Amino acid sequence: MTKNWPLWEVFVRSKNGLEHRHFGSLHAADAEMAMENARDVYTRRNEGVSIWVVESKYITASNPQDNGELFEPAQDKIYRHPTFYDLPDDVKHM
Amino acid sequence: MKNETLYQYILCIADNSLILGQRLGELCGHGPSLETDIAITNIALDLIGQTRSYYQYAARLIDEEKTEDDIAFLRLEREYKNVLLVEQPNTHFGYVMARQFLFDVYHLMFLEKLQYSKDDQLVAVAKKGIKEVSYHKRFSSDWVKRLGDGTEESRQKMQEAVDDLWRFTNELFLMTDAEKTMAANGIGVDIAQLKEEYYKEVSDVLKEATLTVPENTYFTKGGKEGIHTEHMGYILSELQYMQRTYPNMTW
């Protein structure tokens with residue numbers, strides 16, 4: 001038996017209309033405890049309206065060694081950015 | 001004083017939150033894990049916040065010159081009217097959660113009635129408190145179940161804690177003269193009526209936690225009349241230290 005509780009990642013939606021963002025991680029024995037701990041650790045200053053928790057082991061991360069093949073090909077392709085359009089000022093959160 | 005009975009009644013409510021908040025505050029930085037440490041401190045702050053609202057109201061009743069701090073820091077032990085349950089020591093985490101659970105179940109029931117008081121101030125404090133205390137109860141009953149239904153050691157510790165604290169539960173429902181008067185005129189809560197529901201709810205959680213509901217019928221009392229256990233003096237000496245040593249100090 002390991003002494004530490006499993007690690008969980010916490011995602012918080014700051015307000016309605018925005019996406020959940022990664023806030024940090026914490027330890028908890030199960031999902032219910034992870035939710036309560038997330039509430040206490042990350043939203044006690046009124047930071048959120050919704051919380052997601054997921055056990056860290058279920059996240060598949062990219063390997064930094066693969067950064068070359070994964071990301072570098074995109075660096076010289078600025079035409080893939082939608083920067084050639086004029087956005088009206090009224091459009092928020094783009 | 002404009003309304004001595006109402007003042008005494010407010011103390012009966014608020015002192016529970018003050019002393020339990022102080023007890024939980026002692027654990028700041030000493031929780032078993034970072035997460036539970038923060039949770040316990042959050043609960044302490046909720047309770048102290050509620051206490052402030054009650055004391056600010058009480059201070060206006062006694063004297064224009066008095067403030068919430070006078071009531072919190074400058075009374076004698078016999079003048080504190082909290083129940084004995086909340087002053088019991090932080091023996092271990094399971095004990096803290098058992099104490100919290102036995103109080104939270106009562107506290108939420110009480111506030112749910114207090115929100116229909118004829119006193120607007122008390123209604124406002126109760127309504128705000130209900131949301132906070134609902135969470136406290138969820139947190140503490142969760143832990144009672146986890147530890148009760150956990151390992152052999154955690155189960156044994158939780159059972160011992162519940163057995164030990166059980167004798168303080170009956171006092172929650174004994175009504176002082178101030179409480180009887182306030183209940184009769186629609187300002188206070190007739191807490192004696194909550195007793196049956198309380199023991200049913202507590203027993204349900206204990207059973208779910210695979211714990212044995214204590215059957216002892218010996219109950220102790222006195223806190224509400226100002227007669228406290230040996231722990232109270234130590235709590236107050238820490239709580240009151242700054243104001244006693246440096247009178248009227250502020251920061």
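How many helices and strands does chain A have? In this predicted model, chain A has two helices and three strands. Helices (H or I, at least four residues) and strands (E, at least two) are DSSP runs, numbered from the N terminus. The order from the N terminus is β-β-α-β-α.

Residues are numbered from 1 along each chain as its sequence is written, and chains are lettered from A in the order in which they are written. Local features need pLDDT of at least 70 and side-chain atom pairs pLDDT 80 or more, whereas totals for chains, interfaces and linings use all residues.

The C-alpha trace spans about 55 × 40 × 15 Å along its principal axes. Buried residues make up 15% of the 94 in chain A. A residue is buried if 20 or more other C-beta atoms, placed from the backbone, lie within 10 Å of its own C-beta.

Chain A also touches chain B. Nine residues of chain A are in contact with seven of chain B; contact means C-beta atoms, placed from the backbone, within 7 Å. On the chain A side, strand S2 (20-27) and helix H1 (31-42) each supply at least two residues. H1(A) gives the most, with five residues. By class, this side has three nonpolar (Ala, Val, Leu, Ile, Met, Phe, Trp, Tyr, Cys, Pro), four charged (Asp, Glu, Lys, Arg) and two polar residues (the others, Gly among them).

How values were computed:
Buried ≥ 20, exposed ≤ 12 C-beta atoms within 10 Å, placed from the backbone. Contact = placed C-beta atoms within 7 Å.
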